[in-house]
Amino acid sequence: MRSRILRLSRLSRISRISRLLAALLAVVVVVPASAQDSTRGVRIGLRYDPATKPGIALLPIPGFAGDSVQTILERDFDFSNRLAVVTLMTAEGLLLAGDRPSAGAAGGAARLNYPLFAKLGAAAVLQITPIKDGLHVALHEVGRAQVASVEEFRLPTPELGKEWRYAVHGVADAVVEWITGQRGMAQSRIAFIRGNVVRIIDSDGHGEEALPMLGAALSPSWHPSGSIIAYNTFGPESRIVLHDLRTGRTRDLGAQRNTTNVTPVFTPDGKSLAYSLSTENGADLYVMTLDGEAFPRRVTVGRGSMNVQPSFSPDGNRVAFMSDRSGHPEVYIMDADGTNADLFTAFDFGDQNYRASPDWSPDGRQVTFQTRIDWRFQIFTMSLRDRQPRQLTSEGENEDPSWAPDGRHIVFSSTRSGTRQLWILDTESGRLRQLTQAGGSRVPAWSPRLIAKER
Amino acid sequence: MTATTRAFPVVLALFALAAVDACRPAPPPAPAVDTAAIRRAREDSIREVNQRNEAAAAEARRRAVQDSIDRARAAEEAMRRDSEMLRSVVAMAINFDLDKSDLRDDARANLDSKIPILLANANVTIRVAGHADERGSSEYNLALGQRRAAAAKRYLVERGVAESRIETTSFGEERPLCTESNESCWSQNRRDEFEITAGGPMLMRPR
């Protein structure tokens, strides 16, 4: 259980720190907390500004797994691109202030040498203590020289196991949320294809595993619960396969003669599956309920054209998809019932008219897709409001973008390193990192946030 | 002549007889002809001749059979070569232009050569598998492959091949023939492959 001992909802001036240190902290914009913070809560008095990264320092974590926790958290903070990790090279004794903390002080939070942390560029200090079932986490706000948030997190056993790692990623995401008001995306995974096998890798590149396949596969996608992966097989007896990650059981649908099932995705309510059925008379989008009670409902009338790659708006009311109804592939948006189809990529990208692979952002505001430029695909985003395209890549060929649950990062495949690998791009800072190490990795799908199983 | 003189030759003869008798230790040897041996020899000889004759006849028969087998084999081989040739015509891939699924003239000519073979071998079923090059979206390319397979099927069905004999499927860009990134490679990869799925061990030439 989580227990909140201390929560700040009001902010103060940078008063206890010298003017010199205030300059160091200038990146930290201090504003009064607004009323809207009172329910979900920005726990620390920093208004998040994507152009800057508040510094965070981690005190050494005692215990058997302490180093592992620290390594995972520091990497998660770095990969969040919302925080700058301040590495502590200082002797431990200097980290604490002169007056010794009383044993069993609130949440075990010791009194820190705040001016020192300010000097090191840390706006926040994370103090983690192992407890019986997990971790006690205290977040110090350096500017106010006090503890801003305290929470206990349960960690499943065994230590260092897969579920344990997810839970630690969850701590990182919570801390990012305390500081920036927006939850991180460390506690997520990415499904992708290599060698026509669906594989899953943690967002930090750890723990790649392959799912057992019912055939040569393409196009994995996640159920909103994060517990089911859908994919399609191709060739004779093409199917849609639903793989339950908790039980390992699979269910398969389709396998009609003379058809290929393409790009299955779940609807945001998790109750239905949308996919493209490619027949000898074009490819149309269908929606079927997962309980199997109703016949699949056709939602596009392509008249021989190909309509594939559906991606729902977060409210489930609209669908972005790729269609060649106009003679070449473009991205369209329609209502979920198939009405009001509208060309989304109505923009002059040059003469190589080929837009594909739309993915609707989790905040609903923009769609990412790929455009062919000089015979290579590049990743774009376009906001629904102003429909101004923004090019995010130019090196190598870049395909199949998929949003992270934080609505800020995008995973895609790229040939920029010489082989096809998955890369993660921070759409706000432009920072890139390579996620996979084996060539031929492609068609990624970023999971929703995953909740670690409690033991 | 006295009685003694008259009796003398008789005595002499008796003596002679006695002497002859005295000189004979055993009966004179039997004549050198052994009839059993002769019979055996004759039988052996007859058997030998018969065996030679039979062997010759058997060899003749064997040769005749072998000749017949050889002739049949040669005929079968010719048919097989024929069938192989016919199969290769049926299996010949057709190619497509970039991002397109309509049949080019060379593809139509290719399909035209398959039609009489398919019509002459009504028990043959085929699978048409559409493929794409690597340049499009790999997910869209699965649909494109299906449409390329359907284009060939439609052409064959319109010219009399039963719809039920042709299965279509797609491998998109997932099974390239050629893996270099150049147009010569890409153009080979944009294709329909034709595979005989049943009834195809021996194809008959169209009459």
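A residue is called buried here if 20 or more other C-beta atoms lie within 10 Å of its own. The model is a predicted one. By that criterion strand E29 of chain A, residues 442–446, is mostly covered, since five of its five residues are buried.

Chain A has five helices and 29 strands. Of its 455 residues, 47% count as buried. Among the contacts in chain A with a separation of 6 or more, 46% are between residues 24 or more positions apart. E29(A) pairs with strand E6 (residues 189–194) of chain A; the two run antiparallel and are joined by three bridges. Within this pairing, Ile193(A) has Arg442(A) of E29(A) as its bridge partner.

Five of the six residues of E19(A) are buried, so the strand is largely enclosed by the rest of the structure. Strand E18 (residues 318–323) of chain A pairs with E19(A) in the antiparallel sense over six bridges, and Ser323(A) stands opposite Glu330(A) in E19(A). These two strands form a hairpin with six residues between them, and Gly327(A) in the turn has a positive phi of about 110 degrees. E19(A) also pairs with strand E20 (residues 342–343) of chain A, in the antiparallel sense and over two bridges. Here Ile333(A) stands opposite Asp342(A) in E20(A). The hairpin of E19(A) and E20(A) has six residues between the strands, and Gly338(A) takes a positive phi near 100 degrees.

Attention now turns to chain B. Helix H3 of chain B, residues 105–120, has 16 residues, which at 1.5 Å a residue should span 22 Å; its end C-alpha atoms are 24 Å apart, which agrees. The buried residues of H3(B) are Ala107(B), Leu111(B), Lys114(B), Ile117(B) and Leu118(B). An α-helix has 3.6 residues a turn, so residues three or four places apart point the same way. The buried residues of H3(B) pack against helix H2 (35–91), strand E1 (94–95) and helix H4 (138–158) of chain B.

How do H3(B) and H4(B) pack, and at what angle? Their axes are 10 Å apart and the angle is about 50 degrees. That angle makes H3(B) oblique to H4(B). The contact is made by Arg108(B), Leu111(B), Ile115(B) and Leu118(B) of H3(B), together with Ala152(B), Tyr155(B) and Leu156(B) of H4(B). The crossing of the two helices is right-handed.

Val161(B) lies in the loop between H4 and E3 of chain B. Is this residue buried or exposed? Val161(B) is buried because 21 other C-beta atoms lie within 10 Å. Leaving aside neighbours within four places in sequence, Val161(B) is in contact with Ile115(B), Leu118(B), Leu119(B), Leu156(B) and Ile166(B). Ile115(B), Leu118(B) and Leu156(B) also take part in the contact of H3(B) with H4(B). Glu76(B), by comparison, is 85 residues from Val161(B) in sequence and 27 Å from it in space, C-alpha to C-alpha.

Finally, the two chains meet: 20 residues of chain B are in contact with 27 residues of chain A. On the side of chain B that touches chain A, the elements giving two or more residues are H4 and strand E3 (166–172) of chain B. The largest share of that side, ten residues, comes from H4(B).

Technical notes
Residues numbered from 1 in each chain as written. Chains lettered and ligands numbered in written order. Predicted model: local features only at pLDDT ≥ 70, side-chain atom pairs only at ≥ 80, totals over all residues. Helix = DSSP H or I, 4+ residues; strand = E, 2+ residues; numbered from the N terminus. Expected span 1.5 Å × (residues − 1). Buried ≥ 20, exposed ≤ 12 C-beta atoms within 10 Å, placed from the backbone. Contact = placed C-beta atoms within 7 Å. Pairing = 2+ DSSP bridges. Axes fitted to C-alpha atoms, helices over the stretch in contact; angles between N-to-C directions. Parallel < 35°, antiparallel > 145°, perpendicular 65-115°, else oblique. Left-handed = near helix turned anticlockwise from the far one by under 90°.
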